[in-house]
Amino acid sequence: MTDMTWIVLASTVAAALAIALGVMLPALAMGRAIAQALESLARQPESERAIMRTLFIGLAMIESLAIYCLVIVLIILFRNPLLEYLVSQQ
Amino acid sequence: MTADAMFAHTLFQFGPLVLRDTVVTTWLLMLLLWIGAWLATRRMRARAGLVQTAVEGAVTAMEDAVRQALPRHADNVMPFVLTLWTFLVAANLVGLIPGLHSPTRDLSATSALAVLVFLSVHWFGIRAIGLKEYLRHYLSPSPILLPFHVISEITRSLALAVRLFGNMMSLELVALLLVWIGGLLVPIPILMLHIVEALVQAYIFGMLALAYIASAIQTGALAEGPAPATEPEQ
């Protein structure tokens with residue numbers, strides 16, 4: 001039973017840490033991308049559509065990193081393979 | 001809280017065949033879109049009515065977006081990308097109707113769409129520049145880079161599927177969690193965010209498909225040599 005407690009504790013901490021880091025760093029990256037896009041938009045307003053298109057695609061790429069973290073966290077929380085293994089052992 | 005509300009659940013099961021709500025919602029949406037398109041284009045007139053104006057506006061906006069990304073081969077790619085956009089907007093927004101769930105919050109549905117995009121990238125690439133030229137671009141700077149080309153093809157399709165799935169599922173999950181910890185009316189601001197996010201994700205999915213197809217077509221143009229590296233703006 002103590003094994004179970006440890007795994008639950010560790011996976012809760014890991015999930016919280018993973019989502020915190022996994023949101024923080026992509027947020028920084030997105031902020032940088034948007035800042036650069038705004039700067040180039042202010043410099044060259046005529047190329048707005050190309051900049052916006054590239055910005056959206058880039059943001060989607062960065063955002064998917066945060067989404068990977070979310071998927072991993074959800075797997076840890078709801079379909080934890082280690083916990084299922086432990087339950088099947090008992 | 002049950003996992004049933006979040007993940008796709010089984011409706012019926014005939015022996016080995018399992019029918020999940022994703023399939024039913026997808027087919028209903030396809031039927032609705034088909035009937036809607038038929039009704040909207042049934043009586044087209046030069047003096048457009050309300051419905052015709054709205055549909056024409058949407059189609060023209062999407063056409064312009066495709067034409068801008070890919071001026072030369074736009075007409076070949078147009079049906080595929082426009083269909084993707086239309087279906088994804090409907091599929092992402094259908095989750096707002098109580099009792100229904102977005103088909104796109106199921107990884108199987110988004111994987112199917114990503115496989116379609118993966119196949120169509122090669123199809124349009126080969127159609128535009130020929131099989132030999134297309135295969136040559138995998139060896140283009142040097143044959144050493146072949147594994148990296150292959151890995152990039154696979155990972156970007158995987159990312160396409162996981163991105164849409166993760167976004168839509170997390171939106172539904174957040175609304176569900178807020179109902180659980182808050183009250184009945186608490187998730188309404190999140191549902192407004194859901195509308196914006198659903199449209200943005202549909203746009204991004206179609207735009208990325210378009211970007212991948214454009215890169216497959218334009219690597220050929222690069223390999224031809226003197227042709228301009230980027231498609232000229234019209």
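**Notes on chain B**

1. Let me begin with the hairpin: E1(B) and E2(B) form it with two residues between them, and B:Gly15 in the turn has a positive phi of about 55°. Helices (H or I, at least four residues) and strands (E, at least two) are DSSP runs, numbered from the N terminus. This is a predicted model, in which local features need pLDDT of at least 70 and side-chain atom pairs count only at pLDDT 80 or more, while totals for chains, interfaces and linings use all residues. Residues are numbered from 1 along each chain as its sequence is written, and chains are lettered from A and ligands numbered from 1 in the order in which they are written.

2. The two strands are antiparallel, and four bridges join E1(B) (residues 10–14) to E2(B) (residues 17–20); strands pair if DSSP finds at least two bridges between them. B:Gln13 stands opposite B:Val18 in E2(B).

3. Chain B has seven helices and two strands, in the order β-β-α-α-α-α-α-α-α from the N terminus. Of its 234 residues, 27% count as buried.

4. H3(B) (residues 74–93) spans 27 Å from first C-alpha to last, close to the 28 Å expected at 1.5 Å a residue, where the expected span is 1.5 Å times one less than the number of residues. The helix bends by about 25° at B:Phe80, the bend being the angle between axes fitted to the seven residues ending there and the seven starting there. Its buried residues include B:Val77, B:Val81, B:Leu84 and B:Leu88.

5. Leaving aside neighbours within four places in sequence, B:Leu210 is in contact (C-beta atoms, placed from the backbone, within 7 Å) with B:Val66, B:Ala69, B:Leu70, B:Val77 and B:Val81.

6. Which helix supplies the largest share of the side of chain B that touches chain A? In that interface, 13 residues of chain B are in contact with eleven residues of chain A. H6(B) gives the largest share of the chain B side, six residues.

Key. Contact = placed C-beta atoms within 7 Å. Buried ≥ 20, exposed ≤ 12 C-beta atoms within 10 Å, placed from the backbone.
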